[in-house]
Amino acid sequence: MPPPLHRLKETPSQTAGPFVHIGMAPAVAGLDAVFARDLGAAIAGPETPGERIRVTGVILDGDGVPVRDAVIETWQADAAGLYASPADPRQGATAPDFTGWGRFAVDLASGEFAFETVKPGPAPGPQGTTMAPHIALWIVARGVNLGLATRLYFPDEDAANAADPILARAGEPGRRATLIAEAAGQADGMAVYRFVIRLQGADETVFFAT
């Protein structure tokens, strides 16, 4: 009879932890003496053409309480539907001063987030389809073991949204509605869109496998 093996127990999965801002958005955490500007703070610079927009929102937990330690990363095409990536088969000829990527921490007091960019154009989708203008979002926070991927679509793109192949996979209309932001007027000459992300419970936002 072989001797028993005394294996160590498996350790629990790590979450983003209570210090996610220090690692991902140090200026927000008060470390601006070292980092004057966090990486990803600007998606589209002053030279980037296109309609300027502002996106605001909040991330709610299963009890409807704002999550105050979340960080959101964004990825989008420019106004012409081009991505700032060598993986874009159209040679990545994006607009000047445009990265397409951003990283934004929610406000530590209110849980609100906000960022400015240009409204993306339609982009190629799978199997020759066309995706409606959208912004991809990736969310991490304390208690979230794996980053959550979702999308923000625009309420003034009804025809494009109806034909979007990814939005169609969200299921019935009530589920698709969780991916469409609300028009929230104008501010400083920019259209404002508000997007509420619900992690659990009624009207939970649709999340995608990554």
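How many bridges join strand E2 to E3? There are 5, and the two strands, E2 being residues 71-75, run antiparallel. Strands pair if DSSP finds at least two bridges between them. Strands here are DSSP runs of at least two residues, numbered from the N terminus.

Before going on, a word on the model. It is predicted, so local features need pLDDT of at least 70 and side-chain atom pairs count only at pLDDT 80 or more, while totals for chains, interfaces and linings use all residues. Residues are numbered from 1 along each chain as its sequence is written, and side-chain values use heavy atoms, with hydrogens and water left out.

Back to E3. It is largely enclosed by the rest of the structure, because 4 of its 5 residues are buried. Buried means under 20% relative accessible area, exposed over 50%, and partly exposed in between, with a 1.4 Å probe and protein chains only.

Now the aromatic rings. Rings of Phe, Tyr and Trp (its six-membered ring) pair if their centres lie within 6.5 Å; planes under 30 degrees apart count as stacked, over 60 as edge-to-face, and the rest as tilted. That rule gives 3 aromatic pairs. One of them is Trp75 with Tyr83: the centres are 5.8 Å apart and the planes at 15°, so the pair is stacked. Trp75 is partly exposed at 31% relative accessibility, and Tyr83 is buried at 14%.

Phe104 and Phe115 are also stacked, because their centres are 4.9 Å apart and their planes at 15°. Phe104 lies in E3 and Phe115 in E4 (residues 112-118), so the pair ties together parts 11 residues apart in sequence.
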